[in-house]
Number of protein chains: 2
Amino acid sequence: MSDLLERLRGRGWRLTAQRRVVAEVLDGEHVHYTADEVHALAAARLPEISRATVYNTLGELVSLGEVTEVSTDGRAKRYDPNAHHAHQHLICGRCGTIRDVHPSGNPLADLPAEERFGFAVSEVEVTYRGLCPDCAAA
Amino acid sequence: MSDLLERLRGRGWRLTAQRRVVAEVLDGEHVHYTADEVHALAAARLPEISRATVYNTLGELVSLGEVTEVSTDGRAKRYDPNAHHAHQHLICGRCGTIRDVHPSGNPLADLPAEERFGFAVSEVEVTYRGLCPDCAAA
DNA sequence: TTCTTGATTTAGACATCGTCCAAAGTGAAA
DNA sequence: TTTCACTTTGGACGATGTCTAAATCAAGAA
């Protein structure tokens, strides 16, 4: 079984068939599914799982820090299970495909105090946009 | 009249009362309204303006490069008329307030070729997140 | 000025994404 | 095995945004 389920159990998660299936769907290195995709894949294994449960479970995984939400401009949010390895995203503006990338540099350090307006800045998100090879060719 | 309307007319825009009002609402330095806020403010001056027109007009302004869309995680998109001055955003995770910021550094240069996966990368968007002074105090 | 015409606006239906709720079901502690 | 708080369910609901066909209008032509 995945480390993920172990960690979740350790945090007092009640382990239901539904949660197990959602976690299994998200198990992978470069997975960026939408909630509905997760639901479809989960339903392939557990046909009666409801949309609400998928949304609930994804929300919990995000709260627990096990999964990151990626908002891609108006489209449905995508869920990235690769939350334990710092990375940023490269998104195709045409088809919405997402790749994980690892830029150098430290953008947090690039924001001087006088540009923080008293905010307690806690994170930076860097999103690269462009066209993926397939869309560029088409 | 604003430069904006001049530029738009120069590009063959038909100047209607509705478009004028939307452009006026967006006239300002650090404005980040949602489409519905723009609609409400526009309707204060031109009561019969429709939502569809506001959406159409905002979409056109974005296409023309006069206004930038800012997606703030699931909430409604916001529209930033400050498109002619490169800048990034600092967003309060609690209340959604947006500030324009100007970090140093060049994140585009921070993405090595082997991390581009054949994409034609054209832009980078850096979003700082945290709590604004009001929300931090509350 | 008036006419003409293609661009623009409108209201409201529709689509998508996500949230909420009350009722029914269930994991797991005792 | 029993119990009960935690989960799930489905369907209504809400927010945001898109689309369409018919009515309207800006602005160039006459």
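**View 1. Chain A as a whole, with its helices and strands.** Chain A of this predicted model contains five helices and six strands. Followed along the sequence, these elements of chain A come in the pattern α-α-β-α-α-β-β-β-β-β-α. Taken along the principal axes, the box filled by the C-alpha atoms of chain A is roughly 50 × 45 × 25 Å.

**View 2. The interface between chain B and chain A.** On the side of chain B, 37 residues are in contact with 37 residues of chain A, and the area buried between the two chains is about 3200 Å², with carbon and sulfur atoms giving 57% of that area. F119(B), Y128(B) and R129(B) together supply 21% of what chain B buries against chain A, which is more than any other three residues.

**View 3. Polar and charged pairs across the interface of chain B and chain A.** Two salt bridges are counted between the chains; one of the residues shown, E125(A), forms a salt bridge with R129(B), and the closest N and O atoms of this pair are 3.1 Å apart. Across the interface there are 16 residue pairs in polar contact, counted where both residues have pLDDT of 80 or more. The elements of chain B that give two or more residues to the side touching chain A are β4 (88–92), β5 (98–101) and β6 (120–131), and β6(B) gives the most, with 12 residues. Sorted by class, this side of chain B has 18 nonpolar, nine polar and 10 charged residues.

**View 4. The pairing of β6 from chain A with β6 from chain B.** Strand β6 of chain A, covering residues 120–131, is joined to β6(B) by 11 bridges, and the two strands run antiparallel. Within this pairing, G130(A) stands opposite V121(B).

**View 5. The protein surface around DNA strand D.** Of the 16 residues around DNA strand D, those that come nearest are R14(A), T16(A), Q18(A), T53(A) and R14(B). Among the atoms of DNA strand D within 4 Å of the protein, 71% belong to sugar or phosphate, while the rest belong to bases. T53(A), by contrast, has a polar side-chain atom 2.7 Å from a phosphate oxygen of DNA strand D. Two or more residues of the surface near DNA strand D come from each of α2 (17–25) and α4 (51–63) of chain A and α4 (51–63) of chain B, with α4(B) giving the most, at three residues. The residues of this surface divide into six nonpolar, four polar and six charged.

**View 6. The open three-stranded sheet of chain B.** The strands of this open sheet in chain B follow the order β1-β3-β2, with antiparallel pairing. Because β1 (33–34) and β2 (68–70) of chain B stand at the edges and each has a single partner strand, one side of each is left without a neighbour in the sheet. Three bridges join β2(B) to β3 of chain B (residues 78–80), and these two strands run antiparallel; the bridge partner of V70(B) in β3(B) is R78(B).

Definitions and conventions
Residues numbered from 1 in each chain as written. Chains lettered and ligands numbered in written order. Predicted model: local features only at pLDDT ≥ 70, side-chain atom pairs only at ≥ 80, totals over all residues. Heavy atoms only, no water. Contact = heavy atoms within 4.5 Å. Buried area = accessible area lost by both parts, 1.4 Å probe. Salt bridge = Lys/Arg side-chain N within 4 Å of Asp/Glu carboxyl O. Polar contact = N/O pair within 3.5 Å; in protein donor to acceptor, adjacent residues only side chain to side chain. Helix = DSSP H or I, 4+ residues; strand = E, 2+ residues; numbered from the N terminus. Nonpolar A, V, L, I, M, F, W, Y, C, P; charged D, E, K, R; others polar. Pairing = 2+ DSSP bridges. Near = heavy atom within 4 Å.
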